[in-house]
Amino acid sequence: MSSSARSALLAAAGLAIVTATATGCAQKSDGSPAGALQVTASDSACEVSKTDFPAGKVTIQVENKGSKVTELYVLFPDDRIVAERENIGPGTKASITAEIKAGEYEFACKPGMKGDGIRTKVKATGNGGEKRSPELDAAVAAYRSYVLAQAEESLPAVKTFTDAVRAGDVEAAKQAFASSRRGWERTEPVAESFGDIDPKTDVREDGLEPGQNWTGWHRLEKSLWADNKIGDEEKALASQLDTDIAEWHKRVGTAEITPTSMANGAKELLDEVSRNKVTGEEDRYSHTDLADFKANVEGAEKVYELLKPVTVKNDAELAKNLDAQFIAINTLLDKYRADKTGYDFTVYDKVTEEQRKELSDGVNALAEPLSKLAAAVAK
Amino acid sequence: MSEADPESVQSGSAATADASGGGTSRRALLAWGGAGLALGAAAAGGTAAILRQNSEPAAPGTMGMAVPFHGEHQAGIATPVQDRLHFAAFDVKTKDRAELIKLLKEWTAAARLMTAGLPVGEGGFGGLPEAPPDDTGEALGLKASRLTLTIGFGPGLFAGDRFGLNGRRPVALVDLEQFPGDNLDASRSGGDLCVQACADDPQVAVHAIRQLARIGFGKVAVRWSQLGFGKTSSTTPDEQTPRNMMGFKDGTRNISGTDKAALDKHVWVGAGDGSDWLTGGSYLVARRIRMHIETWDRTPLQEQEDIFGRDKGEGAPVGKSKEREEPFLKAMKPEAHVRLAHPDTNDGATILRRGYSFTDGTDGLGRLDAGLFFLAYQRDVRKGFIPIQRNLAKNDSLNEYIQHVGSAVFAVPPGVRDKDDWWGRTLFT
């Protein structure tokens, strides 16, 4: 699921990024295609052959003349990644091809693959690519902040949970379980885009591949609810979860985010609900599915809120429909929590078949128009 | 919505399909029981398109044809029965009358396209790569396959003045009583709306319901649906009556789709029947009838034949040699199915059956989950299905081998007259 989520994000990104492999890209000496940008990287410099180039499909050839492994990033002014190429060894060459729209960017070489890199401002001009929208750039920047904030808030929430596990306190761990997942669930499509983290933190038993160790939230969930006990193994798994979440927090800022990937990510959040939460599959031992459900809806609503100004402009009727459907789904979810500001939801095994049908209908009612959001912002 | 005009598309292919017929087709058309339908379409400006209506049963070569969507009556009732069914019942979720009307108009537009063999909206591909296509695409390249879409309104639509329809509930749209032996599952019963999709290609029928459900998300929700195959009764008497899952011909005496007098008398709601908005419409009773296949298969041949009142090979009624010979009811056992279902046993009560067999895999106990999805159209449920079912539920020896597990009743509005008309206009305006 993780890898497909990643490819979906890339496909939705609207930036056809073609990153050649280390071996396949080796160019003949000076056999560079006409018009390609040359970047010469060293341990202390990042020289760009042209800082002003035509927008459109751009090929960048990087040569690492330094002694350290380096990488090259093409960045939006807000540090979003347009394209990247990692692991360029000393003395080797690599190339990147990317669709770059008119606007200002920065190239960053990172000798030793550390820090902010050595930056050079560049500009893509002309009609080769459509002009970027400052409004959408702002939405993406705001969403990037949101995703970072969610990961930051997750660190202490996860620690409360893992501390309780390490202390052997089953009840306290159960109490802290659902809220430790909230930040992750709100930004799940982004979180899942790190294909190596998701299988360690959020995999369910039936999702394990042969030979894969079961770690993460759902493994601990099973110990707490099904076995009702905490042993040394669980305590070690709790610390592992801390480590994995810290890694997620460290890397989440580098996720590729575009307006259309945001929009389709919001739809994917509802798809998550529709596939795993409405059925009660996700939290099959704790039955805290509705807390995840709410977090997924909140994450989708955040995306919509950020893209709404553009949506209203491009498709007013869709915006009206989405406004109504978000209200409807939140009203429906409110029926299952006593306190409208809290996250204490009815356990899902107490939700009747008829009520599950109502929730499922509500998800369909929201997800169908939400699937049209990407088209509306891409207009 | 696409601007493509399905009428013109129909006309285009009609010219080919009827090239040899010419005036013959038109005469055949007028003789057809749905003559009113055809005349309605003609009055509405349909020309070549109406020639598509064929009085013959689906002959080889007609399978891919389009059945006209416009007419006095909805297609899918007297239309020669297609091979496949996807039937869906919906709950209306919106509380807004205007939104419901808007949906019905959107559904009508989609139905108009799909019954002409065209995709809905902007089609199944070629749009924005970032967006899901309007049409799901599984019927692309398939012919119209005589797809008919028939809508019905359930009692719930009129309840508590939900949509300002207080007082518009037809008197004959009664809630069905609990019949002896019923074991109804609420999740397979009822519904505020229904759509019957019939086609010669199952994929075309499934596609149609899927599109309508998708267009409806947020306004309506699918409550239950049923797939059917192997039509179990015929509205074309010169065709052999198909067999049901028990291996018997049942429904031989069905109303013919060409018998205008019988249709007017027993199927179409007349002008003086009580609810003007429903004139030209009908009432539909849908029942999911599970068959206890395994015990039936262990029943001796003689007993099987006695239970039905027909022989298994030819389908002839007891004492007769041919299927279509007039049955002599008194020759049959008093509890024989054919005898108890016959109009003569029920004070003339007559219905138009359009049922399909179903097999939904097995039931978890390894028993075939199969039976008859019974669909009956009639002018008045109180004079059609109810007295017949009362009689059958009480006496029919077949009851040992069947159980009614789903039930629904709908008022079926008259046909959509032309391109400006829509499903439910007579009810909502």
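At what angle do the axes of helix H2 (residues 134–166) and helix H7 (residues 217–227) of chain A cross?

I worked on a predicted model, in which local features need pLDDT of at least 70 and side-chain atom pairs count only at pLDDT 80 or more, while totals for chains, interfaces and linings use all residues. Residues are numbered from 1 along each chain as its sequence is written, chains are lettered from A and ligands numbered from 1 in the order in which they are written, and side-chain values use heavy atoms, with hydrogens and water left out.

**Entry 1: helix pair in chain A.** I found that the axes of H2(A) and H7(A) come within 12 Å and cross at roughly 40°. Axes here are lines fitted to C-alpha atoms, for helices over the stretch in contact, with angles from 0 to 180 degrees between N-to-C directions. H2(A) is therefore oblique to H7(A); angles under 35 degrees count as roughly parallel, over 145 as roughly antiparallel, 65 to 115 as roughly perpendicular and the rest as oblique. I noted the contact (heavy atoms within 4.5 Å) as A:Val158, A:Phe161 and A:Val165 of H2(A) with A:Trp217, A:Leu220 and A:Leu224 of H7(A). An α-helix has 3.6 residues a turn, so residues three or four places apart point the same way.

**Entry 2: chain B overall.** I counted 11 helices and nine strands in chain B, taken as DSSP runs numbered from the N terminus (helices H or I, at least four residues; strands E, at least two). Of its 429 residues, 55% count as buried, meaning under 20% relative accessible area, with exposed over 50% and partly exposed in between (1.4 Å probe, protein chains only). Among contacts in chain B between residues at least 6 apart in sequence, 78% join residues at least 24 apart.

**Entry 3: helix H10 of chain B.** I looked up H10 (residues 385–395) and listed its buried residues: B:Phe385, B:Ile386, B:Ile388, B:Gln389, B:Asn391, B:Leu392 and B:Ala393. They pack against strand E5 (282–291), helix H9 (337–341), strand E8 (368–378) and strand E9 (402–412) of chain B.

**Entry 4: positive phi.** A:Asn87, which is not glycine, has phi near 55°. I placed A:Asn87 in strand E7 (residues 81–88) of chain A, where A:Asn87 is exposed at a relative accessible area of 52%. B:Arg146 also has a positive phi, of about 55°. B:Arg146 is in the loop between helix H4 (97–115) and strand E2 (148–153) of chain B, and counts as buried at 7% relative accessibility.
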